[in-house]
Amino acid sequence: MFKDPETTAIITTARIMNRMEPILSVWHDEEDGMWQFLGESGPDESDAVIVGLQEIVKLDHSVNEVATLPLGWVAWREKKGLPWNIQKQLG
């Protein structure tokens with residue numbers, strides 16, 4: 001569903017990849033087009049990992065619902081299974 005190739009490098013956390021946390025926010029950075037998929041712990045450089053886009057989609061198919069998220073926007077949800085909310089990133 002994403003326009004980016006399946007092998008596009010994205011940022012996420014080891015906690016998400018190890019299924020310790022669900023994906024609760026998706027960021028599509030305006031400056032470089034990078035995707036970030038974060039959980040309830042939020043961004044933590046010590047836990048950050050880079051994986052291919054196909055790995056995150058395989059882990060949680062519901063991220064396809066925000067595949068058209070524009071550059072500079074963020075999607076978030078309170079918990080897995082709830083609808084995504086979207087808005088332009090602030091400041």
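**View 1. Phe2, Trp35 and Phe37 form one aromatic cluster in this predicted model.** Rings of Phe, Tyr and Trp (its six-membered ring) pair if their centres lie within 6.5 Å; planes under 30 degrees apart count as stacked, over 60 as edge-to-face and the rest as tilted. The structure holds 3 aromatic pairs. In one of them, the ring centres of Phe2 and Trp35 are 5.0 Å apart and the planes stand at 85°, so this pair is edge-to-face. Phe2 sits in the segment before strand 1 (9-13) and Trp35 in strand 3 (residues 35-38), so the pair ties together parts 33 residues apart in sequence. Phe2 and Phe37 also pair edge-to-face, at 6.4 Å centre to centre and 65° between the planes. Phe37 lies in strand 3, so its pair with Phe2, in the segment before strand 1, ties together parts 35 residues apart in sequence.

View 2. Buried means under 20% relative accessible area, exposed over 50%, and partly exposed in between (1.4 Å probe, protein chains only). Phe2 has 12% relative accessibility and therefore counts as buried. Trp35 is buried, with a relative accessible area of 1%. Phe37 is buried, as is Phe2.

View 3. Asn64 is placed in the loop between helix 2 (53-59) and strand 5 (73-76). Its relative accessibility is 18%, so Asn64 counts as buried. Contact means heavy atoms within 4.5 Å. Leaving out residues up to four places away in sequence, Asn64 touches Met1, Phe2 and Val57.

**View 4. The whole chain as context.** The protein chain has 2 helices and 6 strands. Along the sequence they follow the pattern β-α-β-β-β-α-β-β. Helices (H or I, at least four residues) and strands (E, at least two) are DSSP runs, numbered from the N terminus. The C-alpha atoms fill a box of roughly 30 × 30 × 25 Å, taken along the principal axes. Of the 91 residues, 42% count as buried. Among contacts between residues at least 6 apart in sequence, 61% join residues at least 24 apart.

**Notes on the model.** Residues are numbered from 1 along each chain as its sequence is written, and side-chain values use heavy atoms, with hydrogens and water left out. This is a predicted model: local features need pLDDT of at least 70, side-chain atom pairs count only at pLDDT 80 or more, and totals for chains, interfaces and linings use all residues.
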